[in-house]
Amino acid sequence: MTKPLIRCPWATNELSIRYHDEEWGVPLHDDRKLFEFLILEGAQAGLSWDTILRKRENYRKAFDRFNPEKVARYDKRKRQALLHDPGIIRNRLKIESAVKNARAFLAVQKEFGSFDAYIWHFVNGCPIVNSSGKVLASTPISDAMSKDLKKRGFTFVGTTICYAFMQAVGMANDHRADCFRQKMVGRGVS
């Protein structure tokens with residue numbers, strides 16, 4: 001008889017289980033995917049992650065597969081169209097933030113060669129492991145990341161959003177000690 005897999009307790013439905021098992025906490029180094037998570041984490045502010053997971057494919061279509069060059073050029077008409085798209089979170093500030101963040105993202109790429117090089121320097125290129133067993137909302141690292149991102153013109157990048165981003169892209173491994181993914185996340189893909 002096979003024992004059931006033990007997962008982090010938040011993975012409770014088909015979408016969140018797949019996200020937990022395949023993506024969450026896996027070190028990610030692809031700039032476009034990093035941009036996707038930056039936008040999605042900002043969109044999630046005040047909402048459940050399940051809401052974002054249900055709308056993720058719609059976001060990919062609405063935001064040109066998270067191509068930062070295209071998103072940075074969204075004009076007033078495109079932003080207005082996004083406000084009427086029922087497939088995404090129709091919040092003016094979050095849509096404006098995505099465009100502003102795309103521009104800041106491109107500036108960071110230009111300065112550092114890639115967003116990956118910039119963002120991973122906050123953890124010295126190596127995922128941090130939360131072995132305390134405590135559920136964290138922020139850390140001194142996410143505080144520093146938030147402050148620096150804001151200085152560079154990013155919005156919707158408070159410390160809690162930054163920590164959720166760190167978890168999502170594998171900069172922080174917060175899988176519970178008894179979760180089957182806890183020791184596997186280092187075997188991730190870009």
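Figure 1. The model shown here and in the following views is a predicted one. Trp49 is likewise assigned as buried, at a relative accessible area of 15%. The ring centres of Tyr19 and Trp49 are separated by 5.6 Å and the ring planes meet at 45°, so this pair is classed as tilted. Tyr19 belongs to helix H1 and Trp49 to helix H3, and the pair thus connects distant parts of the chain, 30 residues apart.

**Figure 2. Packing of helix H1 against helix H3.** Helix H1 covers residues 14–22 and helix H3 residues 49–62; their axes lie 10 Å apart and form an angle of about 90°. The two helices are therefore roughly perpendicular to each other. From H1, the contact involves Leu15, Ser16 and Tyr19; from H3, it involves Trp49, Asp50, Leu53, Arg54 and Arg56. By residue class, this contact of H1 with H3 comprises four nonpolar, one polar and three charged residues.

**Figure 3. The tilted pair of Phe115 and Phe154.** Phe115 counts as buried, with 0% relative accessibility. Phe154 is also buried, at 2% relative accessibility. Their rings form a tilted aromatic pair, with 6.2 Å from centre to centre and 50° between the planes. Because Phe115 is in helix H7 and Phe154 is in the loop between H8 and H9, the pair ties together parts of the chain that are 39 residues apart in sequence. Both residues are members of a cluster linked by ring pairs, which also includes Phe35, Tyr59, Phe63, Phe66, Tyr74, Phe105, Phe112, Tyr118 and Phe122.

**Figure 4. The largest nonpolar core.** This core contains 51 residues, and those touching the most other members are Phe63, Phe115, Ile119, Met145, Phe154, Phe165 and Met171. At least two core residues come from each of the helices H2 (31–44), H3, H4 (68–72), H5 (76–83), H6 (92–112), H7 (115–120), H8 (140–151) and H9 (159–168). For Met145, the contacts beyond four places in sequence are with Ile119, Phe122, Cys162, Phe165, Met166 and Met171.

Figure 5. The buried residues of H9 are Ile161, Cys162, Tyr163, Ala164, Phe165, Met166, Gln167 and Ala168. Their cover includes the helices H1, H2, H7 and H8, together with strand E1 (128–129) and strand E2 (172–173). Just after H9, Gly170 adopts a positive phi of about 80°.

**Figure 6. Asn67 in the loop between H3 and H4.** Asn67 is located in the loop that lies between helices H3 and H4. With a relative accessible area of 11%, Asn67 is buried. When neighbours within four places in sequence are left aside, Asn67 is in contact with Arg32 and Phe35. Phe35 is itself one of the residues in the aromatic cluster.

Key:
Residues numbered from 1 in each chain as written. Predicted model: local features only at pLDDT ≥ 70, side-chain atom pairs only at ≥ 80, totals over all residues. Heavy atoms only, no water. Axes fitted to C-alpha atoms, helices over the stretch in contact; angles between N-to-C directions. Helix = DSSP H or I, 4+ residues; strand = E, 2+ residues; numbered from the N terminus. Parallel < 35°, antiparallel > 145°, perpendicular 65-115°, else oblique. Contact = heavy atoms within 4.5 Å. Nonpolar A, V, L, I, M, F, W, Y, C, P; charged D, E, K, R; others polar. Core = buried A, V, L, I, M, F, W, Y, C linked by side-chain atoms within 4.5 Å. Buried < 20%, exposed > 50% of the residue type's maximum accessible area, 1.4 Å probe, protein only. Phe/Tyr/Trp six-rings, centres within 6.5 Å; stacked < 30°, edge-to-face > 60°.
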